[in-house]
Amino acid sequence: MTAEAADPVLAALLAERERRRIEADPEVQRLQRARTAYIERWAPFPLATFQLWQPECRRCPRPEKGQPWRGQTMAYMGPGNLHKCPSCGTVEERTSQRRAGQLALSASVEYALVMGGNRSGKTELGAAMDAVFMLGASHPAVQHFAQRNGLTLTRVQRAPGRVWMSHLTWPDALEYGRPKVDGLVPRDVTRRHWTLNQQAEVVWGEGRGTGRVVSKVCAQGREAYQGSAIHLGHFDEEPPLDVFEECLMRCVDYRAPLLFTMTSLEGWTPLLKRLLAHRITGEQPPAGVVDYELHSEDNPHIDASFVVRAANRTLRAGSRLRGEIVDLTGRVHAAFSRGIHLIDPFPLPADWTRAAAIDFGYIDPFVHIWGAVGPDRTVIIYRLRYASERLLRDHAEAIHEVETCQHCRPLNERGEPCPVISEEWQGWRIDGSRGLALLDGQICPHCQGTGYQEPPPFARWHDPSGAASAAELVQQHSLAMVPANNDRLAGMDLIHELLALDGAGKPHLQIFRGEDTAPLVAELEGLKHGKVTPTQKAPTIGADHAWDALRYLLMGLRASRLI
């Protein structure tokens, strides 16, 4: 052991002496002055020093970058997406925010579609392009940014220009659109209505040398996209077709390009079929169309393994990870497998949480679904009622028959158990809720005085559109329930997440085999995606009554933090 290692004070003194020696070195001082001058020069223009990300090698870690998943920066080789690690020589197909920017500024581009996964940096790329066209190609900050990132500026007008940045809604613009632009435009811009739920803009310069980014939203409608000529139209997420067509006419004066930074979750919409028909035909993109997929797992600023695990638990993993356009005409839950998700019935432990959900119907089936949550947060669907053309009273009787104790029910004058929902039975239920269920004057040994033959559901969710039916079941038939969350897309994604296999190869949604659960199995196997419309973001084709009840149950359990 050295003297320095044995004596921490001595080690600190030696380290301080070495630091002072380095600081006194003329070359070090020159470099520090140059760095300070560089920072001071570009501080008013954040765009100048903005670095578009490139993928990093997964085989050559760089712990000094501060995160265990960071590695050596790879260099673009071409063609396609080939990148090479300068350290180990690995060559891989990887995507790059820098490459997306280079293509978006191609000299002949008319439509640049950067189809990015979630957390891929597509919105940030769009904000950088907004700032570039706002300042113009002759601005020193734009030229420095282009030099740092290997960009050409022949597609950018020389003088400051007008940019339209469009989001779907005002909350989208306020939450992530405008903040991204804030971080890249000059510090001395003028902001007008920038923090309000209305059209806003940032303005730089004055007179004929004025540049601006105007923040719009598609919810304003086609009329809001009339009037001005623009130098760049930027849509963050896919716009309605009529808004796109109106904005396109604003590009005519300056031959302005349209930039789309988006994650497609609605499949092959009319707009995408129009702009990306080459993906369907297998032909080369037409002149003027740039089509680039930006993959989330290539973004070096996030943990790729985590984002992959998260996306694989959702319905549209290909879209959320890689910007793919997923054909939504196939099975909704292609991951469902009888061999994986169906299990033989077994006695459920009494301490497992029970819950239930209802989808109302008369001509269409009335569905009541029962589920239990195990200690590993796996949901077991253990019973289903699926019946048509029955009164609510009939369904209530059937539900109580399987939930309540059959041994301590009150007897009629013939010594037979009173029918469920009868006046005597109702009185017994009311008394039982205040005290103990008795059999021959003693605490019932079958249910231990609870009045139930199995643990009752801690909650029962119902289709929120059936408020009148729910009120009848509550008031007349002693079935407590609450409205369910009817977000179809979120429920669809949650089912998909639970059907997916975890790290141990186990799903977290399983169904007891049996005749009563067969309708749910049939719907999970047969349900297909429908055509997306402006009012229906998760349409389905086929029977979905048991599937709806399953959604209500799982969404309720998720909201209750049980899964």
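I took a disulfide to be a pair of cysteine sulfur atoms within 2.5 Å. On that criterion I found zero disulfides in the structure. The model is a predicted one, in which local features need pLDDT of at least 70 and side-chain atom pairs count only at pLDDT 80 or more, while totals for chains, interfaces and linings use all residues. Residues are numbered from 1 along each chain as its sequence is written, and side-chain values use heavy atoms, with hydrogens and water left out.

**Cysteines.** I looked up C247 and noted that its sulfur is 5.0 Å from the closest cysteine sulfur, in C251, which is too far for a bond. I recorded C247 as buried at 1% relative accessibility (buried is under 20% relative accessible area, exposed over 50%, partly exposed in between, with a 1.4 Å probe and protein chains only). C405 is likewise buried, with a relative accessible area of 1%.

**Aromatic rings.** Rings of Phe, Tyr and Trp (its six-membered ring) pair if their centres lie within 6.5 Å; planes under 30 degrees apart count as stacked, over 60 as edge-to-face and the rest as tilted. F235 and F260 form a stacked pair, because their ring centres are 5.6 Å apart and their planes stand at 20°. F235 belongs to strand β11 (residues 232-236) and F260 to strand β12 (residues 258-262), so the pair ties together parts 25 residues apart in sequence. Helices (H or I, at least four residues) and strands (E, at least two) are DSSP runs, numbered from the N terminus. I noted F235 as buried at 1% relative accessible area and F260 as buried at 0%. Ring pairs join both into a cluster with Y111, W164, Y225 and F244.

**Charges over rings.** I applied the criterion that NZ of Lys or CZ of Arg is within 6 Å of the ring centre and within 35 degrees of the ring normal. K216 lies over the face of Y225, at 5.3 Å from the ring centre. R178 lies over the face of W194, at 5.3 Å from the ring centre.

**Backbone.** Most residues other than glycine have a negative phi, and most peptide bonds are trans. I found a cis peptide bond from G78 to P79, with omega near -5°; P79 is in the loop between β3 (75-76) and β4 (82-84). R377 has a positive phi, near 65°. I placed R377 in the loop between β16 (366-373) and β17, and recorded it as partly exposed at 41% relative accessible area. E389 is not a glycine, yet has a positive phi of about 50°; E389 lies in the loop between β17 and α14.
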